[in-house]
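Here is a report on one structure, written for a first look. Keep the sequence and the 3D view open while reading.

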Amino acid sequence: MNRIIVGRLSVNVSGLRVLQRSFCSSVAEKESEVKQSFTNNDDQYDVAVVGGGMVGMALACSLASMPLTKHLSVAIIDSNPALGKSNFIKKEDPPDPRVSTVTPATISFFKEIGAWQYVQQHRHAYFDKMQVWDYTGLGYTKYNARDVNKEILGCVVENKVLHSSLLSCMQNTEFRKTIYPSRLTSMALLPSSSSISVDSTPSATTLFTKGHLAKLDLSDGKSLYAKLVVGADGGKSRVRELAGFKTTGWSYSQNAIICTVEHNKENYCAWQRFLPAGPIALLPIGDNFSNIVWTMNPKDASDCKSMNEDDFVKILNHALDYGYGPHPKSISSGSVDMFSWFRGDATLSAKECFEVPPRVVKLASERMVFPLSLKHANNYVSKRVVLIGDAAHTVHPLAGQGVNLGFGDASTLSRIIAEGIAVGADIGEVSLLKKYEAERKPANIVMMAVLDGFQKAYSVDFGPLNILRAAAFHGAQYISPLKRNIISYASGEQRLPLPLPLFT
Amino acid sequence: MGSNSISKMAARHLRILSGCNGALLSVRFFSDSTLAQEPIASTAIDSASVSPSINTAENHSQLNNNKKHSAPSSLKHAELAKFSAIADTWWDSEGPYKPLHALNPTRLAFIRSTLCRHFRKDPYSARPFEGLNIVDVGCGGGILSEPLARMGATVTGIDAVEKNIKIARLHADLDPETSTIEYCCTTAEKLVEEQRKFDAVIASEVIEHVADPAEFCKSLSALTVSEGATVISTINRSMRAYATAIIAAEHILHWLPKGTHQWSSFLTPEELVLILQRASIDVKEMAGFVYNPLTGRWSLSDDISVNFIAFGTKNS
């Protein structure tokens, strides 16, 4: 049954009284899809999280960790069989190519909800240095965590490690969660009771037959009811589709190829080189392994995927090293340069020279390809429905921000829910959910604009633009306040790229 | 302000001050902060107080039975009819009661904080008011009553306008957590006659529409158990409130119908403390509400120059 039910049902009230906490759905005569049965408490939840991926589980975990929300009953709907079993990741497994770079802000979030301790039990790699340059060889920028008096710029963790850590964290609490191993097929807002016999005017009664609960129909035939439906089901979100949220976006005509590679020595630095067709990033995962994310046009991507391993390793090294253009020259600190009057409080990395990334010795995993696009939901909330993570926004991976935005959404939403419960609000009320949207939407949009700007700026090979980019590299490298700003913004410590006065 | 309202104000002052024994106020007052507030910012404050004010129009006329009043019965019916017409919009959070919906979380935050501290309840509990009997005097459509019920309280909501009670009943029945609220179309005085007692009595945005605030406070006090709590929120009788609530809201922006509020009926915090004291209630805490027009949000502050809320406890 794939009929989509969207929006509110206007229901003819038939004067049934509500008994205890159960509610009768027989009032919905118009809707044949609605089952006419009494539902007991078992199918009624406070929050239904559709999508049990990293962001959905992070939200559930966050709700479990706060005193005001840990009493909520949560249903998680995801057909992934891994959710039901206790996960056991073998340490000898080679790193999975699907990794994420988590920013310090996300690490703090994980520590708050108690999940970071589980991440630390598995492979994870902190890095404190980053080098960014492009193929023209006109400029480079090196970032160091000590520029902003921090220890790390971020940590690279496999997605499966993040996911299982969140699962383990939730299993160790008394949190009432139920996992529904199926997919969402349809959703409706349903009134939970009909009005009792009151001689009020028809306009008043129709006004009050607003939905108190949302109904979710699943692919295995079950149904459940929730006060709040959270769409955490990724870029092709079904919740977003069913709730009728429009999106804006476009696909970059680029695909990303990802794989794990091995070096001869350890690597603690993140490397990114912008090539004419797209950036190539080398991220340390730990134990001499690194992760490659290489963005290029779709045809080249499929060629790269199908070619044999040795050839692929050769072109990888070529792309990281001398391919496409020369190395940038390092400016030694002795020479006079125009930035000396910006110096003042110079950053440590301003003096560092250009380095060549470590050689790739061999491939350590299969190669995966996926298309890249930008997508943003025009609204994140409507009555009883809210979107978080990729369901709300999909970005280019060039700055490793995507899942961090999602974790930011989860953190904000759980805090807003707690604030709502503190003042006795109905958690599905639009006015409460709008606070979440008002906080996250501007920040997400700005980040997406910045990333999109980078993507466009770096995909054009045009003399004057190359010079501009080189100037940008130099600026970021030598103008310390700018560099600090960039690092803070990318680490999630700062909400907006510029210190604009915020409207609070 | 005409001479009529000046004489009314003078008469009110005499009533309040005649009972004053010159007792020193033991309540700590927050100094009037010099935050620059847009007139528009405070305007919305008053439209928040309009709606509950409407439902105490009935209260007003009943209390006035033996006193001179300016509301003959014909006017009362007209007022009620006007507000009955928009009673359906109580729960439309984008409708005429929008400022009240926006104010709601802020006043609930104050109520939660003071009541949790007074009754020694766990502030981190999701239902801290479990076991408390609370009455919401002048409840209107139940905007304040429902969150209190969700916080675990046993809530009784009273209002003098029948239509409001009906609306409140209908809406509360939609959620099992709020369907336990008891709504009555009655007044505080009648409840006193029935000898009802409550752990906490809340009268939010009501007292500025009552003809005799001192008597009203006595009724509220009679409804409160010994060592119970009384919470009153209202508008200050200050120049700033006149500029915003009367001139800006009613005459310039037309957010409220003209004549909705009488500036002379507003109480200053000092007066409120006095009349509560004479009703055996000690005001322990006071805070102000300020509106930020850029974000459209209310917040608690020390600025009591326009809207303020007071928490007091009943002496035994």
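UniProt, in an unreviewed entry, lists B:E205, B:E208 and B:H209 under "binding site". UniProt positions follow the numbering used here, feature names are shortened, and annotations may be inferred rather than shown by experiment.

This is a predicted model, in which local features need pLDDT of at least 70, side-chain atom pairs count only at pLDDT 80 or more, and totals for chains, interfaces and linings use all residues. Residues are numbered from 1 along each chain as its sequence is written, chains are lettered from A and ligands numbered from 1 in the order in which they are written, and side-chain values use heavy atoms, with hydrogens and water left out.

**The listed positions in chain B**

Helices (H or I, at least four residues) and strands (E, at least two) are DSSP runs, numbered from the N terminus. B:E205 sits in the loop between β4 (198-204) and α9 (213-223) of chain B. B:E208 lies in the loop between β4 and α9 of chain B. B:H209 is also placed in the loop between β4 and α9.

Are these residues buried or exposed? Buried means under 20% relative accessible area, exposed means over 50%, and partly exposed is in between (1.4 Å probe, protein chains only). The table gives the values.

| Residue | Relative accessible area | Class |
|---|---|---|
| B:E205 | 0% | buried |
| B:E208 | 3% | buried |
| B:H209 | 10% | buried |

B:E205 has another feature. Its phi is positive, about 60°, although B:E205 is not a glycine. Most residues other than glycine have a negative phi. B:E227 also has a positive phi, about 65°, and is not a glycine. B:E227 belongs to strand β5 (residues 224-235) of chain B. At 45% relative accessibility, B:E227 is partly exposed.

**The sheet of chain B**

Which order do the strands take in the open sheet of chain B? Eight strands line up as β3-β2-β1-β4-β5-β8-β6-β7, with mixed pairing. Two strands pair if DSSP finds at least two bridges between them. The edge strands are β3 (182-185) and β7 (297-301) of chain B, each pairing on one side only. From one strand to the next, the twist averages 20°.

β4(B) and β5(B) are parallel partners, with six bridges. There, B:S204 stands opposite B:S233 in β5(B).

Axes are lines fitted to C-alpha atoms, for helices over the stretch in contact, and angles run from 0 to 180 degrees between N-to-C directions. Contact means heavy atoms within 4.5 Å. Helix α7 (residues 162-172) of chain B lies across β2 (154-159) and β3, at about 165° to β3(B). α9(B) lies across β1 (133-137), β4, β5, β6 (281-292) and β8 (307-314) of chain B, and runs at about 145° to β5(B).

**Chain A**

Chain A has 13 helices and 22 strands. Of its 504 residues, 55% are buried. Take the contacts between residues at least 6 apart in sequence: in chain A, 79% of them join residues at least 24 apart.

Strand β9 (residues 154-158) of chain A is mostly covered, with five of its five residues buried. Both faces are covered: A:G154, A:V156 and A:E158 are buried on one side, A:C155 and A:V157 on the other. Strand β5 (residues 99-102) of chain A runs antiparallel to β9(A), joined by four bridges. A:V99 faces A:E158 of β9(A) there. Strand β6 (residues 124-127) of chain A is antiparallel to β9(A) too, again with four bridges. A:A125 has A:V156 of β9(A) as its bridge partner.

**The end of chain A**

How do helix α12 (residues 463-478) and helix α13 (residues 480-490) of chain A meet? Their axes come within 5 Å and cross at roughly 90°. That makes α12(A) roughly perpendicular to α13(A). Angles under 35 degrees count as roughly parallel, over 145 as roughly antiparallel, 65 to 115 as roughly perpendicular and the rest as oblique. α12(A) contributes A:G475, A:A476, A:Q477 and A:Y478 to the contact, and α13(A) contributes A:S480, A:L482, A:K483 and A:I486. Four of these contact residues are nonpolar, three polar and one charged. Ala, Val, Leu, Ile, Met, Phe, Trp, Tyr, Cys and Pro count as nonpolar, Asp, Glu, Lys and Arg as charged, and the others, Gly among them, as polar.

A:G492 is in the segment after α13 of chain A. At 39% relative accessibility, A:G492 is partly exposed. The C-alpha atoms of A:G492 and A:V102 are separated by 9.6 Å, with the two residues 390 apart along the chain.
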